[in-house]
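Have the sequence and the 3D view ready.

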Amino acid sequence: MFYSEQVKTVFYAIYTIANQFGAKASAVHGRDVTKHFVEIWLDVMRSMMIEAEWQKSQYVPTLEEYMKNAIVSFALGPIVLPTLYFVGEKVFKNVVEHKECRELFKLMSTCGRLLNDIQGFENSIDTSRRNLLRLVLRKENAVPRPCKELFWKMCKILHLFYFQTDGFSSPKEMVGAVNAVINEPLKLPNSS
C-alpha cells in the first residue's frame, strides 16, 4: 500500500501527531479541530509535491508561483497553526479561517522562507568567493595577476555594498565608504 517503508513511517508519524494533538485541542475547545490539523499537513505535503514536480521537470516557477507555494512548503503551518489552539484563548473556526489570520501566517512564512533562502545563497556566495580567491592566488597564469586582482577587488566592493544592507540605498554605509576613499590618503607603490 505504501511506496516505501520511509513513506509508511512518515505517514503514521503525521497521522498520529495530527490525531493526538487534534483530540487534545478538540477537548479544550469543545469542538472537533482534528480535521483542521489534517488539512494543514495535507497543504504542506501538496506544496512539497509541487516543488518535487518542479525539480523533476526542471521547471523554473515565476517569483509569484514560487512565493505562493513557498509560504506553505516552508512548513511553519504544522508548527504554528495547531499551537493557536493551545495558547489559552478560545479559538473559534471563524478565527482560523479569517483573512487576518491567513495574512499573519503568510507574512510570517514569507519572512521565514526568504531568510532561509538568503542563508542558502550566503553559503553559495561564500563558496564562490573562496573559489574566486583560489583562482586569483593560483600560480598558473593564463590571465595576468593584475587582471585576476581586478575580479577579486570588484568582489570585495560588492561585498562592501551588500554585506549588511543594499549599499546603494543605504546612505549611511555609502557615505562612510565614500568618506574613507576621499579622506584617507592614497597609498601609491614606490616607483623608481
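Start where two helices touch: Tyr66, Met67, Ala70, Ile71 and Ser73 in H3 meet Phe105, Lys106, Ser109, Thr110, Arg113, Leu114 and Asp117 in H6. Contact here means heavy atoms within 4.5 Å, and helices are DSSP runs (H or I, at least four residues) numbered from the N terminus. Sorted by class, this contact has 6 nonpolar, 3 polar and 3 charged residues; Ala, Val, Leu, Ile, Met, Phe, Trp, Tyr, Cys and Pro count as nonpolar, Asp, Glu, Lys and Arg as charged, and the others, Gly among them, as polar.

A quick word on what you're looking at: this is a predicted model, where local features need pLDDT of at least 70, side-chain atom pairs count only at pLDDT 80 or more, and totals for chains, interfaces and linings use all residues. Residues are numbered from 1 along each chain as its sequence is written, and side-chain values use heavy atoms, leaving out hydrogens and water.

How do H3 and H6 cross? H3 (residues 63-73) and H6 (residues 99-137) pack at about 95 degrees, with axes 8 Å apart. That makes H3 roughly perpendicular to H6, a label for angles of 65 to 115 degrees. The axes are lines fitted to C-alpha atoms over the stretch in contact, and angles run from 0 to 180 degrees between N-to-C directions.

Now hop to H1, whose buried residues are Ile14, Ala18, Gly22, Ala25, Ser26 and His29 (buried means under 20% relative accessible area, with a 1.4 Å probe and protein chains only). H2 is part of what covers them. Thr34, found in H2 (residues 34-57), touches Ala18, Asn19, Gly22, Ala23 and Ser26, not counting residues up to four places away in sequence. Thr34 is buried too, at 13%.

Definitions and conventions
Angles under 35 degrees count as roughly parallel, over 145 as roughly antiparallel, 65 to 115 as roughly perpendicular and the rest as oblique. Buried means under 20% relative accessible area, exposed over 50%, partly exposed in between (1.4 Å probe, protein chains only).
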